[in-house]
Each structure stands twice: as C-alpha cells, then as structure tokens.
Amino acid sequence: NDLMVMFVNLELMSISTYILCGVNRTSARSTESSLKYFITGGASSALMVFGIALLYGSFGTTNLTRIAAVALTDPQPAFHVFHLFAAACLLAGFFFKTGVFPFHAWMPDVYQGAPTPVTGFMAAGVRVAAVTVLIRIFIDVFAPYGEHWTSILWWSAVLTMTAGNLSAL
C-alpha cells in the first residue's frame, strides 16, 4: 500500500534479473545483455523515483490509500501539473520496465544474450509484476484523471502490438 515499498520490491526483482542475464560467465553476449539491462533498468528506476518524489511532494505521503483519499476529495488539485508530470514519469519508467513502445529498443539485445530460461522469466514474470504495480498505482492515485491515462495505456498497447508485429515480419 506504499509507493516506496512497491518500488523497492520491483527493484529487488530487477536486480536479480540483471544478475541472471549475466549468469553465463563464458559468454560475452550474456555479460553485454546484463550490462544493457542494468543501464536501461537504472534509467527506468530513476524516472519512477522522480515520479514518486513528485507525488510525495504533492501529497506529503507515499501511502496509496492516503493519496487516493486526497485525490478523490479535492475537485481541483492544487498541484495539478505535478500530478500529470508524476504520471508521465511513472508511465515512462513502467514502459521501460515492460518494454512498451517506444521504450522497447533494449529488449532484443537483452533477450538475445540472456540464457533461454532467464529470457522466459523476464518475458513473463517481470512484466506481470510491473503491470500489476502500474495498474494499482494508476487506479488508486490517478483515478480523477482516468479518462486520460486509460486512453494513453490503450494507445500504447495498440502501438506496441503493431510495432512488435511489423518488426517481426
């Protein structure tokens, strides 16, 4: 129920997958994929922390229940711009973590260099956890802006599937 706890949990999972990508120490591709995943994961983490910091600055707490209570009771939030910028930072961070278009360029290199079981885990486990946290945050915190972020998520899903299929062809 706390943004910082969710972030720390995602980062613990990410750190273990960085290590798992480079577990094949004899392969230069495995080491390279681990490094690329670490760098892009660090960038996405920085964006997410900045979004969380903006939410903390706006609401004075990182507790999702308290933030949702303030966001739903205030018809015209005083820090409306901070909320939108925090949502943009959080979306960009989660889009990096989940490989959503246009933040998907790191995926082919990382998946190609990682061992096959690790690639399967990253393709399923990491995404499920990140999307679950994303939905939880956006349903609780950004409920007043639901019509805006749902259309952004919808279009990003369409563009991701289209770009993925076109690049596969």
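Exposed means over 50% relative accessible area, buried means under 20%, and partly exposed is in between, with a 1.4 Å probe and protein chains only. Helices here are DSSP runs of H or I with at least four residues, numbered from the N terminus.

A quick word on where this comes from. This is a predicted model, where local features need pLDDT of at least 70, side-chain atom pairs count only at pLDDT 80 or more, and totals for chains, interfaces and linings use all residues. Residues are numbered from 1 along each chain as its sequence is written, and side-chain values use heavy atoms, leaving out hydrogens and water.

Back to H1. Its buried residues are Leu-3, Met-6, Phe-7, Leu-10, Glu-11, Met-13, Ser-14, Thr-17, Tyr-18 and Cys-21. Seen down the helix axis, they fall within an arc of 165 degrees, so they line one face of H1; the arc is taken from the directions from the axis to the C-beta atoms. What covers them includes H2, helix H3 (64–73), H4, helix H5 (107–113) and H6, where contact means heavy atoms within 4.5 Å.

Now, how many cavities of 30 Å³ or more does a search of the whole structure find? There are 2. A cavity is a set of points on a 1 Å grid over the protein atoms alone where a 1.4 Å probe fits but cannot get out, and lining residues have an atom within 4 Å of a point. The volume is the space filled by probe spheres set on the points, which are joined across faces, edges and corners.

The largest cavity holds about 60 Å³ of space. Ser-14 and Tyr-18 are among its lining residues, along with Tyr-37, Phe-96, Lys-97 and Trp-106. H2 (28–59) gives the most to this lining, with 4 residues. By type, the lining divides into 4 nonpolar, 4 polar and 1 charged.

Key
1 Å grid on protein atoms, 1.4 Å probe; cavity = no way out; pocket = protein on both sides within 12 Å on 5 of 7 lines; lining within 4 Å. Helix = DSSP H or I, 4+ residues; strand = E, 2+ residues; numbered from the N terminus. Nonpolar A, V, L, I, M, F, W, Y, C, P; charged D, E, K, R; others polar.
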